Amino acid sequence: MTLENWENVIFDIIEYRSKTGISPFIMLWGGEPLVSPHFPAIAELLHEHKFKVGMVTNGVLLDRHSRLVNEAVQRIFVSLDGPPELHNAIRGQGVFEKVASNMALLTKPEITVMSVVTEELIDQLPEFLEQLNRMNIHELYLQDMIGLTTEEIQRYKAMMLEEFDIRANYIDAWENNERLQFHDEVDSLLSQIDRGNYHFSIVQKKHGGGGNLHCLSPFRHAHVTWNGNVIYCTDFYDFKAGNVKVESLENIFMNEMSEKYRAMVMAAKCVACRHCSWKDNQQYL
């Protein structure tokens with residue numbers, strides 16, 4: 001996607017807002033959005049047109065864009081894997097300290113830290129909470145790790161082929177037959193702490209949670225990817241409803257392929273939906 005391509009998407013949304021009075025919440029995601037050379041221009045254009053903007057980031061490059069982020073972004077989701085030793089073992093030496101320093105530059109956006117629950121994090125969770133208590137964050141998400149078993153992947157592939165004539169290849173990257181959920185351990189740890197000691201809320205993001213009968217994402221959300229494809233799930237990329245370099249975002253959102261995808265979700269045919277942490281967080285979709 002060129003900058004012109006992204007601008008055209010934004011103009012599509014502006015036109016949609018003028019017709020309907022609905023102003024969508026715009027989430028800048030990735031990969032890592034701050035790596036994109038188009039990030040400053042996109043953020044400034046969204047701010048100029050008074051959109052509410054969120055961003056998901058690893059936080060490493062926030063210092064390069066702190067002025068713009070403070071000005072244009074209202075909500076930030078920062079990925080941290082645990083206290084310094086654990087995070088740095090995964091992301092690189094000194095990365096936790098760099099991210100913490102960058103987060104201190106943010107004075108206006110609400111900050112949510114997103115952490116994938118692992119056995120290592122469980123062992124270090126009390127220390128991690130103390131580290132976070134020294135930061136200006138709004139809440140902590142403790143998220144289940146995403147992974148599908150070999151059997152689930154085969155079911156997903158069969159569904160995509162039968163429903164959409166799509167040969168799903170990206171799904172193979174999510175194969176994991178190990179234990180990925182540690183609800184009992186997290187519940188036990190959280191029951192032993194006094195949440196009043198922390199200035200931020202702690203939210204468990206369990207897969208498949210939420211009170212909705214089905215995911216609302218394909219009804220309320222459209223994800224435009226790096227190459228212009230429009231999808232409705234932020235994690236599983238095999239399906240696409242169209243491409244914004246070929247037709248408008250609104251037309252794609254209303255097309256037959258999108259309606260077919262919504263019917264599939266409502267019928268609970270997608271096994272990957274049980275591995276979603278966002279089903280009960282629809283206000284950001």
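Biologist: How many cavities of 30 Å³ or more does the count come to?

Modeller: Keep in mind that this is a predicted model. As for the general idea, rolling a probe the size of a water molecule over the atoms shows where empty space is left. Here the count comes to two cavities of 30 Å³ or more.

Biologist: What volume does the largest cavity have, and which residues line the largest cavity?

Modeller: The volume of the largest cavity is about 50 Å³. Its lining consists of V117, L142, D144, F182, H183, V186, Q204, K205 and K206.

Biologist: How does the lining of the largest cavity divide by class?

Modeller: Four of the lining residues of the largest cavity are nonpolar, two are polar and three are charged.

Biologist: Now the second largest cavity. What is its volume, and which residues line it?

Modeller: The second largest cavity has a volume of about 30 Å³. L125, P126, L129, L189, L190 and I193 form its lining. The elements that give two or more residues to that lining are α6 and α8. The largest share, three residues, comes from α6.

Biologist: Let us turn to the strands. Why is strand β4 described as largely enclosed by the rest of the structure?

Modeller: To read this, count buried residues, where buried means under 20% relative accessible area. Strand β4 covers residues 110-116, and five of its seven residues are buried, so β4 is largely enclosed by the rest of the structure.

Biologist: Do the strands β3 and β4 run parallel or antiparallel, and how many bridges join them?

Modeller: Strand β3 (residues 75-79) and β4 run parallel, joined by five bridges. As one example of a bridge, R75 has E110 in β4 as its partner.

Biologist: How many bridges join β4 to strand β5?

Modeller: Five bridges join β4 to β5 (residues 139-143), and these two strands run parallel. One partner to look up is L140 in β5, which is bridged to V113.

Biologist: Which helix makes a β-α-β unit with β4 and β5, and is the unit right-handed or left-handed?

Modeller: The helix is α6 (residues 119-132), and the β-α-β unit that β4, α6 and β5 make is right-handed. Helix α6 is also the element that gives three residues to the lining of the second largest cavity.

Conventions
Residues are numbered from 1 along each chain as its sequence is written. This is a predicted model: local features need pLDDT of at least 70, side-chain atom pairs count only at pLDDT 80 or more; totals for chains, interfaces and linings use all residues. Side-chain values use heavy atoms; hydrogens and water are left out. Buried means under 20% relative accessible area, exposed over 50%, partly exposed in between (1.4 Å probe, protein chains only). Helices (H or I, at least four residues) and strands (E, at least two) are DSSP runs, numbered from the N terminus. Two strands pair if DSSP finds at least two bridges between them. A crossover is right-handed if, with the strands pointing away from the viewer, the path from the first strand over the helix to the second runs clockwise. On a 1 Å grid over the protein atoms alone, a cavity is a set of points where a 1.4 Å probe fits but cannot get out, and a pocket is an open set with protein on both sides within 12 Å along at least five of seven lines; lining residues have an atom within 4 Å of a point. Grid points are joined across faces, edges and corners, and a volume is the space filled by probe spheres set on the points. Ala, Val, Leu, Ile, Met, Phe, Trp, Tyr, Cys and Pro count as nonpolar, Asp, Glu, Lys and Arg as charged, and the others, Gly among them, as polar.
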